[in-house]
Amino acid sequence: MNKWLLVVLNLFVIANCFAAQNELEVIQRNSDQNELKIFDNRFRIDYQVDEITLLFFREKGTPAVILVRPDGSKIYATTSLGDMNIEWFDDETYDIVKIKNPMPGPWQAIGKILPESKLMILSEIELHVDPLPPLLFKGETIKVTGRLTNGGKPIEEGLFRDLVTLNVDFVSTNNKEYLNFGAKPVPIAELLDDGKGYDERPGDGVFTGEFALNFASGEWQPEYEVRTPILSRSLVKEPIIIEQVPISFEFTEATEGEEHHHLAINVNTEKVAPDSLIFQGTIFYPNGETQAFNLEAQDKAVRELKLVNYDWGVYEVELTLFGSNINGREFVINVGKQEFEIDKPIEKVPEQEAPLVPDVELEPELPPEPELDVEQIIIWAVVGNVLIILIGFIVIRVFIQKKPLLGGLMSKLKKNKKDQEEQKVAGSEQKSDSSDEILNLSLPDE
């Protein structure tokens, strides 16, 4: 009895062990198995796994999860910073953990993990984008779709798609034969799976975006990039050619008396089918008026648009082109505003008769005064300096020394005159004395 009871107990223990093992999800034992349900926050990592990236979704605002290894040791988001084998990114609503050479066996995640959350193994994230049309035009807007796969299978987890960014850039090939030579990379669009814009249904795993080709025409290389907080993938496609707008304009100004200007729209029949083209737009006149127009499809290479003649100024034509290219693909091109300027006419000034001028005898022109030479300049400079010295002497003599200007000079002149008179008198007396003496020396008559 005891023997059979022991056998039953052993079978019960073995059954429980198998049940417990089934509860632990085996991750990446099969490479196709990349999204698994978590049972009681537990999962198992196979011994064949060299690298694993785990994604946990948790309640908003809760702390990052804590991972427990099979040996009982714990891994925290804060302590993983110094570990070369662990890369951890935590946000308000999720954790992404990348582990190299993980310990095989049962693991456990501790945290407020969402009940509907699935443990995702991010192994081979790839972006698959539909090829672009072979013939594109500047100003055209096109729709492009892409799909994300993980390990070759579509990603159906909506929470994961919310944190994935799909960007599209156009990079110039720097071909000198095209206008975009040397141009910088142009960010084109962001692919989304939100059911807005060109996206048909939200959360269907199909990422959709629209390309507005409002940049230089030429040869460009599309580059697609998938970004997540912890990994990125790039996809480079073959170069494409963006052609110029398949129409050109020729403006003819109205002559005097005509009511309309004429705008000829020439269609490039080598690129588009002329019978499929519809023009819709608006005319902006110089006086502020606007006029909407619509040109229906016609099998003509030249279409004509009439503009009311509102005299001089700037005429603007903004139009959108609907049609099909030579490959049969329909397109919509926003051509943008085209300006046509008419110069302001030059006003003619009436000719006036010259007024009659009475005959007046003109005075003979005087010969020009001869220019001063260097010697004259020197003489005038000397005379000026002498005058300045003389004026300075007078000022010092009269106003500073308080002496009469000519007093001393007159006295000296009078004294000199008196001396001369005395000398003259003395000379005459001396002469008379000498004459007397001569007379006295003569012999008297006896």
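This is a predicted model: local features need pLDDT of at least 70, side-chain atom pairs count only at pLDDT 80 or more; totals for chains, interfaces and linings use all residues.

Reply:
**A strand and its surroundings**

Phe-89 stands opposite Ile-96, a residue of strand β8.

One is β7, residues 86–90, which pairs with β8 in the antiparallel sense over five bridges. β7 and β8 form a hairpin, with three residues between them. The other partner is β4, residues 51–57, whose pairing with β8 is likewise antiparallel and extends over seven bridges. In β8, Tyr-94 has Phe-57 opposite it.

What follows β8 also deserves attention. Asn-101 is found in the loop between β8 and β9, the latter being residues 105–110. Although Asn-101 is not a glycine, its phi is positive, at about 50°. Is Asn-101 buried or exposed? With a relative accessible area of 59%, Asn-101 is exposed, since the word applies over 50%. A positive phi is also found at Asn-174, a residue other than glycine, where the value is near 55°. Asn-174 is found in the loop between β15 and β16, and its relative accessible area of 42% makes it partly exposed.

**The nonpolar cores**

Elsewhere in the chain, the largest nonpolar core has 26 residues. Among those with the most contacts inside this core are Leu-148, Leu-166, Phe-170 and Ile-188. Several strands give two or more residues to this core, including β11 (125–129), β13 (141–150), β15 (165–172) and β20 (240–243). The strand that gives the most is β16, with four residues. Leu-148 shows how such a residue is surrounded: leaving aside neighbours within four places in sequence, its contacts include Ile-125, Leu-127, Ile-155, Val-164, Leu-166, Phe-207 and Val-226. Apart from this core lies another, of 24 residues, among them Leu-135, Phe-137, Leu-263 and Ile-283.

**An open sheet and a buried histidine**

Three strands form an open sheet in the order β21-β22-β25, with antiparallel pairing. Its edge strands are β21 (247–252) and β25 (302–308), each of which pairs on one side only. From one strand to the next, the twist averages 25°. Between β21 and β22, residues 260–267, there are six bridges, and these two strands run antiparallel. Phe-249 stands opposite Ile-265 of β22.

His-261 has its place in β22. How accessible is His-261? Its relative accessibility is 1%, so it counts as buried. The side chain of His-261 reaches the backbone nitrogen of Ala-254 at 2.9 Å. The side chain of His-261 is also joined to that of Tyr-315 by a polar contact of 3.3 Å.

**Charged pairs**

Side chains of opposite charge can pair when their charged atoms come close.

Arg-147 forms a salt bridge with Asp-130, the closest N and O atoms being 3.6 Å apart. Arg-147 belongs to strand β13 and Asp-130 to the loop between β11 and β12, so the pair ties together parts 17 residues apart in sequence. Arg-147 counts as partly exposed at 37% relative accessibility, and Asp-130 is partly exposed as well, at 32%.

A second salt bridge joins the side chains of Glu-140 and Arg-329, at 2.5 Å from N to O. This pair links distant parts of the chain, 189 residues apart: Glu-140 is in the loop between β12 and β13, and Arg-329 in the loop between β26 and β27. Glu-140 counts as buried, at 1% relative accessibility.

With Glu-243 in strand β20 and Lys-271 in the loop between β22 and β23, the pair ties together parts that are 28 residues apart in sequence. Both residues are partly exposed: Glu-243 has a relative accessibility of 23%, and Lys-271 has a relative accessible area of 24%.

How values were computed
Residues are numbered from 1 along each chain as its sequence is written. Side-chain values use heavy atoms; hydrogens and water are left out. A nonpolar core is a set of buried Ala, Val, Leu, Ile, Met, Phe, Trp, Tyr and Cys residues joined through side-chain atoms within 4.5 Å. Buried means under 20% relative accessible area, exposed over 50%, partly exposed in between (1.4 Å probe, protein chains only). Contact means heavy atoms within 4.5 Å. Two strands pair if DSSP finds at least two bridges between them. Axes are lines fitted to C-alpha atoms, for helices over the stretch in contact, and angles run from 0 to 180 degrees between N-to-C directions. A polar contact is a pair of N or O atoms within 3.5 Å; within protein, one must be able to donate a hydrogen and the other to accept it, and residues adjacent in sequence count only if both atoms are side-chain atoms. A salt bridge is a side-chain nitrogen of Lys or Arg within 4 Å of a carboxyl oxygen of Asp or Glu.
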